[in-house]
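Hi,

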Amino acid sequence: MLIQDNAFTISMPRMRFHARHGVMPQEQQVGGEFMLSLVLHIDGRNAHHALCHDELGGTINYAEVYDIVDKEMKQPSQLIERVAARVARCLLRHFFTLRQVDVEVTKCVPPIPGFDGEGVTARYSLRRQLVAWDFDGTIADTSQGIVQTMTETFRRMGWAVPSDEAICSTIGLPLQASVAQLAALPCGNDGVQRATALYRVLFEQVGTAGVTLFPGVDEEMCRQHESGMFVAIATSRGHDSVRCLLEQLGVLGYVDYIVACEDVIAHKPDPAPVERLCELTNVLPADTTVIGDTTFDIEMGRNARVGRCIGVEWGNHSRKMLIDAGADFVLRNF
């Protein structure tokens, strides 16, 4: 056990297993000998509990680690690369205090004619990472439904109907703030609150029907999920609304956490939504990526001091606006 920069690294070297990993029929049927080594990087913020108070909460249970590895080694795979990645992902998901996992899987007797070495080893490192997606205009094209719903809301309230462009410019703000800005009224105004409640009802009636995923989004979310990243949503939409839309669009299964407008007190561009997601996942801001289509998303990420802010060009704000807000780069497509 090592302590570096107030953080633990725990090694579990050269654990031996008989397993059925390989491409050849004999490897899959009879199996062979494998060694697996781990280096576990434990969150330094918990180190004090183990060091000074002898508390297990500051480290991890080695027996649990072994049980997880043993279970994964019993699942046959063609490639030891896949085994290493699967072990790393399972350990990061199971242990909240784990910052990074380094895995080595060695096939001790590879089926290579004349081979006289000490096996073939695949090495893989997986760090705890978070991707915080915006929803409206980033994952899903909701602009038409939002414009139609806001237009109908203002019409029923007897207010002057704002232009489509004005409505789109407020997408990304909390709903009540959008209504207030478009109506030129204070957020706490009684009419704004009634209009906000009316909008929520109308959106479920007329706004959801035309909502579609942007091209490539489902594949990218799947890739992130399968690679071991925590995939989350930081949105100004209501929690139930975004959850239902994610399910409707077929991508809810990739999402670990949702932080919506009622889940935090402060909203975009305040860092609170990202900070809350970092708390839920125990991911450092430096290991977090924000993906969004508006300056509110990019500014939220910058205010949270995340490692990377990615803008998307297909949403509601222009490439120039996103770059000016601090986006590291802006995607044209995935």
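H8 gives the largest share of the lining of the largest pocket, four residues. Before the rest: this is a predicted model, where local features need pLDDT of at least 70 and side-chain atom pairs pLDDT 80 or more, while totals for chains, interfaces and linings use all residues. Residues are numbered from 1 along each chain as its sequence is written, and side-chain values use heavy atoms, without hydrogens and water.

The largest pocket has a volume of about 310 Å³. (On a 1 Å grid over the protein atoms alone, a pocket is an open set of points where a 1.4 Å probe fits, with protein on both sides within 12 Å along at least five of seven lines; lining residues have an atom within 4 Å of a point.) Of its 21 lining residues, Asp 136, Leu 175, Tyr 199, Ser 236 and Arg 237 are the closest to the centre. Helix H5 (143–157), H7 and H8 each supply at least two lining residues; helices are DSSP runs (H or I, at least four residues), numbered from the N terminus.

The axes (lines fitted to C-alpha atoms over the stretch in contact, with angles from 0 to 180 degrees between N-to-C directions) of H7 (residues 175–183) and H8 (residues 190–207) come within 9 Å and cross at roughly 120 degrees. The contact (heavy atoms within 4.5 Å) is made by Leu 175, Gln 176, Val 179 and Ala 180 of H7 and, on H8, by residues including Tyr 199 and Arg 200.

Cheers

Definitions and conventions: Grid points are joined across faces, edges and corners, and a volume is the space filled by probe spheres set on the points.
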